[in-house]
Amino acid sequence: MLTFTIRRLLLAIPTLLFISLIIFLLLDMAPGSPMSQIPLTVPLEVRLKMIEALGANDPIFFRYINWLHKFFVIEPLHVFDGLFGTTFAGDSLRELSWQSRSPVADVIAQRIPQTLTVIGMSYLLGILIALPIGIYSAYRQYSWFDQLGTFISMIGFSVPTFFTGVLLIVVFSVKLHWFPSIYDTTLKVTDWASFGKQVKQMTMPVAVLGLYNAAQISRYMRSSMLENLTQDYVRTARAKGLSERVVVLKHVLRNSLIPVVTVIALGIPTIFGGAIITEQVFKVNGLGQLLITAIYANDLPMVQTLTFIFAVLIVLFNLVADILYGILDPRIRYD
Amino acid sequence: MLDAGRRKLVEVRDLKMYFPIYSGLLRRHTGDVKAVDGVSFDIFEGETLGLVGESGCGKSTVGRALLRLYELTGGSVVIDGDDVAKLSPEALRQKRPTMQMVFQDPQASLNPRMTLAGIIGEPLDEHTSLTAPEKLARIYQLMDQVGLNRNFANRYPHEFSGGQRQRIGIARALALNPKFIVCDEPIAALDVSIQAQVVNLLEELQDRLGLTYLFISHDLSMVRHIADRVAVMYLGQIAELSPRDELYAQPLHPYAIALLSAVPEPDPSREGARQRIILQGDVPSPANPPKGCNFSTRCPQVQAICHRLQPDLIEVAPLRFVACHFVQPQQAQPAGSTGGTEATEPTQQGVNA
């Protein structure tokens, strides 16, 4: 397993380099200028000077190498310095956002907590809801519970989050005044009162995304359970005289979880990717919102860095899923 | 060959197993697949009853229904004094140790994520209160009984060959000292050399532990080897139930005659003379069995009455039960069943009647 992991990690390096090149070229070829949001009254020569100052008109290959160097060497050093108070990075030039002129890594670090609490919580909630629903739906296939579960997951699948989000805002914020419609990022949790406030403002975005995640995962869980429930070894387990609980939870569930765990692991990068639409609806300034504003402003360094981080996470969690598969299923051996 | 004093371990009466068909927009119950339609037989303690028939005739369904791995549509199955068909779920669970099953597909019937020790030991966890060392000792004992190396205890099913997996399945079935084992085509998935090993193992265990088997198979030669009595099934019903030697020497039911004519003869000179009876047509759908005798659509000796009346399974000679209008009790026989057809019960209660 260890050699497999190391081999896969080594293989990930060329993959990621290739991905980074593609991202870089695609963004570079896209139309638009970092000056598009500068007022038209600014004279042309000033604009050209600004572009030069940003380094935006250097040769593309030079910019690519420069970006790679900053992403893999300089920024990690700065982050390390920031965490441990060292001075490895010195005063080397950092990757700056074209919009805010502040380092890209710092901006991302500011946004990560919001995304992780809201989107991560909704993912966790989705899993916690989905697993029991999926298990029971499969066990009682075509019962009213299963039909209801299917109906709700179809809603979760097919109704977009910008609709459910706005619906929840209209019902619970505008009519009932239960929850705030806007997520307050400046809120610091210091005592029970502020904790309650935090829970309140998280409720609606978490509910919207949780429904969506639960819909997907419960379907996977259900179909995986159904597939295993009809297997011969389940009949063997019943013939052994095991109680129904043991048959379902020990024999069927453990075997059914293998594909579901993979799906869950593969879904984790989307947490970091943020939920662009839901974050917009509830004004959560997380990573998704950061990405969309960066795209609007032609802030190439920010977009590149964010997209590449997502790519790294996807490659990484693919590996995690493969390793989990090997741990969960004794038939799979990588060495 | 069967002494009259033997105890009936299993008594099956009018066993029915229908699988409902739902169709249409509202998925209404529109019919049933009559996989098993009124089957009655007894199995005596210590004997092996062979159950043969072509694919889809309901053999496996009978085996599973006997252990109530299905919920029965009708009939009763008395095993060792309890009607399995009517036990409550908890009572059924307590009853399971007495009746076990060896499954057809040794690969699919073992949980891929459990080790051999886990598979064999699990029934012990559930039904006994052995300590861990006692349990391990019992697992090793079972592995020795079926000829598995003790070093294999922590391996997973996929690491074994087909024959070894079937031995695991047998060890598992033996774990709780059952009295009755349903062997559902235990050799169908194995190659011939391994088939012999497994069948010999089953016979040896029967001698040593006094087991009673229902041996389901479509391999007529293998059934001839292992069974004491043989039941021939056709389309969910028993066509003939006879002691092995009599059946193979002189089958009585037209279907049994046709079926046994398909057994190849090892002696080439006699093989040349073997007359194979080829039945015409296909097996009717069990969802829509023919009126009257269910073999009437393919029987070479079919008469008008066969399309109207369903024949009962009656004892036509001592210990020989046949369901055919044209195989009737031989009055000339000095012993055996006397009395007319009407007087004989369709069941085969009277072993020494």
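1. A quick definition to start: helices and strands here are DSSP runs, numbered from the N terminus. On that basis, S76(B) sits in strand β4 of chain B, which covers residues 74–79. Please keep in mind that this is a predicted model.

2. Is S76(B) buried or exposed? Its relative accessible area is 17%, so S76(B) is buried, the cut-off being under 20%. Setting aside neighbours within four places in sequence, S76(B) has contacts with E11(B), V12(B) and R13(B), and also with D83(B), A85(B) and K86(B).

3. Over in chain A, D106(A) belongs to helix α4, residues 104–139. D106(A) is partly exposed, at 35% relative accessibility. Its C-alpha atom lies 9.5 Å from that of H78(A), a residue 28 places away along the chain.

4. Now the pockets. The largest pocket holds about 1,000 Å³ of space. Of its 25 lining residues, Y139(A), L229(A), R238(A), E244(A) and L69(B) lie nearest the centre. Elements of both chains supply at least two lining residues each: α4, α7 and α8 from chain A, with β1 and α2 from chain B. By type, the lining has twelve nonpolar, five polar and eight charged residues.

5. The second largest pocket has a volume of about 630 Å³. Its lining counts 26 residues, with F71(A), V79(A), A105(A), I108(A) and I309(A) nearest the centre. Helices α3, α4 and α12 of chain A each give at least two of the lining residues, and α3(A) provides the largest share, ten residues. This lining divides into 18 nonpolar, three polar and five charged residues.

Note on methods. Residues numbered from 1 in each chain as written. Chains lettered and ligands numbered in written order. Predicted model: local features only at pLDDT ≥ 70, side-chain atom pairs only at ≥ 80, totals over all residues. Heavy atoms only, no water. Helix = DSSP H or I, 4+ residues; strand = E, 2+ residues; numbered from the N terminus. Buried < 20%, exposed > 50% of the residue type's maximum accessible area, 1.4 Å probe, protein only. Contact = heavy atoms within 4.5 Å. 1 Å grid on protein atoms, 1.4 Å probe; cavity = no way out; pocket = protein on both sides within 12 Å on 5 of 7 lines; lining within 4 Å. Points joined across faces, edges and corners; volume = space filled by probe spheres on them. Nonpolar A, V, L, I, M, F, W, Y, C, P; charged D, E, K, R; others polar.
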